[in-house]
Amino acid sequence: ITAIGGDYTVSLGVPAAVPPMTYVGNAGDGTATLKASEDVTLANAALEIRDGGRLLIPDGVTFGYGNMAAGQQIAVEEGGRMDVNGTANLALSANQVVPVALKGGTLSVSNGTLSVIDKAKFADYAKSPFDMTRGAKVEVVGTSTLALSNTNFKVGGGTVEVKDSATFDWYATTEGLHFGTTAGDTLTLTVRDDAKLSVRPSGFRAFHIGSVAGSRMILNLASSKKYEVPNDFYFTLGNVGGYGEINLSSGYLKTGGHCPRIGGNATDGYNTHSTAEGVVRVTGTGVFDNASGSQYAVQLNGIVLGRGFNEKPGDPGWVKGTLYVADQGVVTNRGSSYIIAGAGYATGNIYQSGGLIYDANTGYQVILGAWGGDSRWEITNGLSYVKCDTYVGGILTNQLAGNTYAQTKPDWATLGQRCNLASRNATGLLNVIGGRFVSEKEIIVGIDGHGTLAVGPTGFVSAKTLTFTNTFDEATGETYPSRFACTF
């Protein structure tokens, strides 16, 4: 269906004999539309929507897959589009790998429903049920629902916008959700207005944003709704060399289970040669609430900014995690969890120019720089309130409040295989230029590295006890003094 020029429509009714391969496009100025005029079930047929082509599923019509041959799919090329105003149930058959592939094209779901459910429950995320490549665009608007399943939303790049009162559902059926899986490409997902983003778990899973080396994913959350990462999920931004970013300007994001790991590897595995980076910005009226569960293995759960546990000490991998808090944004940390920034081969920074950072833990710690890592917490406005000890510039392993192996015993041997526990060269800076930093317990500066507490002209620091120590580095014979600075 490829006539040149003009707008024309071909209706697809029942019974419809769709050839094994159907092309829809228009090389001229018009649009060639293939319209499902009645309920249609494709069987052993594939569709390719080319430049100038359109697949239309109107209101009141159900469009679905029957018995599909291996590799058959709906492919939307650059300049083509698929409009779902009715209902599309694109369930994977046993032979299929990707039932919908946006190869630079546009998918618009407007007051309709598009459901891509993986009945085979493929475990390999390369066999994703939904595929996007660079330049592709997805629009979910009105009261629509886009439902995807299997382990991953496999994307090379493009944009997804969910707005109005629409819903975007992910059903994690095997090992996790991966966003940003192609090196060199960027996926941008925006959820705004009263739209809802939902992740539905089924057992132990992972939620990775920027999960392949060289890939990028940006998640903009500007809806009034609540977003929640299920309790049995790992949650990472920037995993094994990828870049992950969340911009939370409205609504409420709750993370649980195995914590947000912002820059670093996913579980207790390695970062070999990794340059992963994660960024979280909490602005406007956004609320970022971490309710991580108990500590396990050598993961050090909590709000973790830069976790560089590599294959072995000396591996060149280095990761970075950054948290920005501004306006009326709120960040809370509760459950059995740390705030730890710059652990191992990593840099972790916090920049606060407004709002509130509240650490409700009394049994765990804030750690700025550990085992050779580098960290900075800089406040120019707003309030940071912590109910636990704060370590600036290193921490000794026997001072960690939370056990690191199944809540019963430390596992320093394993942790020592992933970062250099003997390193005395961590760097930590707590710089309160303006605003307030209040601790109900102790601030310990420089106990296992370079530690600095600096207070600016409008800054305020309060703690039950302030302790400044010097660190002697046996490997180099150097002494690293702790520092207190007043800056004007």
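Before the opening stop, a word on patches: they are built from residues with over 30% relative accessible area and no salt bridge, joining like charges within 9 Å and nonpolar side chains (Val, Leu, Ile, Met, Phe, Trp, Tyr) within 5 Å. Accessible areas come from the Shrake-Rupley method with a 1.4 Å probe, and for residues only the protein chains shown count as cover. A salt bridge, in turn, is a side-chain nitrogen of Lys or Arg within 4 Å of a carboxyl oxygen of Asp or Glu.

This is a predicted model, where local features need pLDDT of at least 70, side-chain atom pairs count only at pLDDT 80 or more, and totals for chains, interfaces and linings use all residues. Residues are numbered from 1 along each chain as its sequence is written, and side-chain values use heavy atoms, with hydrogens and water left out.

**Stop one: a nonpolar patch**

Select L466, F468 and F484: together they make a nonpolar surface patch of about 280 Å². F484 belongs to strand β46 (residues 483-486); helices (H or I, at least four residues) and strands (E, at least two) are DSSP runs, numbered from the N terminus. F484 has 47% relative accessibility and counts as partly exposed, where buried means under 20% relative accessible area, exposed over 50% and partly exposed in between (1.4 Å probe, protein chains only).

**Stop two: salt bridges**

How many salt bridges does a search of the whole structure find? It turns up 11. Start with R192 and E161, whose side chains meet at 2.9 Å, N to O. This pair links distant parts of the chain, with R192 in strand β21 (residues 186-193) and E161 in strand β18 (residues 158-162), 31 residues apart. R192 is partly exposed at 28%, and E161 is partly exposed at 25%.

Now pick R281 and E245, another salt bridge, with the closest N and O atoms 3.0 Å apart. R281 sits in strand β30 (residues 277-282) and E245 in strand β27 (residues 243-248), so the pair ties together parts 36 residues apart in sequence. R281 is partly exposed with a relative accessible area of 29%, while E245 counts as buried at 8%.

Next, select R334 and D289, which form a salt bridge at 2.6 Å, N to O. Here R334 is in strand β34 (residues 330-335) and D289 in strand β31 (residues 287-292), so parts 45 residues apart in sequence are tied together. Buried or partly exposed: which is D289? D289 is buried, with a relative accessible area of 3%, whereas R334 is partly exposed at 33%.

To finish this stop, highlight R54, R81, D83, K137 and E139: salt bridges that share partners join them into one network.

**Stop three: rings**

Rings of Phe, Tyr and Trp (its six-membered ring) pair if their centres lie within 6.5 Å; planes under 30 degrees apart count as stacked, over 60 as edge-to-face and the rest as tilted. By this rule there are five aromatic pairs. One of them is Y338 with Y364, edge-to-face at 5.1 Å centre to centre and 85° between the planes. Y338 lies in strand β35 (residues 338-344) and Y364 in the loop between β36 (346-359) and β37 (365-370), so the pair ties together parts 26 residues apart in sequence. Y338 is buried at 1%, and Y364 is buried at 17%.

Then show W377 and F437: their ring centres are 5.3 Å apart and their planes stand at 90°, so this pair is edge-to-face. W377 is in strand β38 (residues 374-386) and F437 in strand β40 (residues 426-439), so parts 60 residues apart in sequence are tied together. Both W377 and F437 are buried.

For a ring with a charge, select R216 and Y243. The charged end of R216 sits over the ring of Y243, 4.1 Å from its centre; the rule asks for NZ of Lys or CZ of Arg within 6 Å of the ring centre and within 35 degrees of the ring normal.

**Stop four: parallel strands**

Switch to cartoon view. Two strands pair if DSSP finds at least two bridges between them. β37 and strand β39 (residues 389-392) run parallel, joined by four bridges, and V366 stands opposite T390 in β39. β39 also pairs in the parallel sense with strand β41 (residues 442-445), over three bridges; Y391 has I444 in β41 as its bridge partner.

**Last stop: positive phi**

Most residues other than glycine have a negative phi. Select D164, in the loop between β18 and β19 (167-171): its phi is positive, near 60°. D164 is partly exposed at 33% relative accessibility. End on D327, in the loop between β33 (319-325) and β34, where phi is positive at about 55° although the residue is not a glycine. D327 counts as partly exposed, at 46% relative accessibility.
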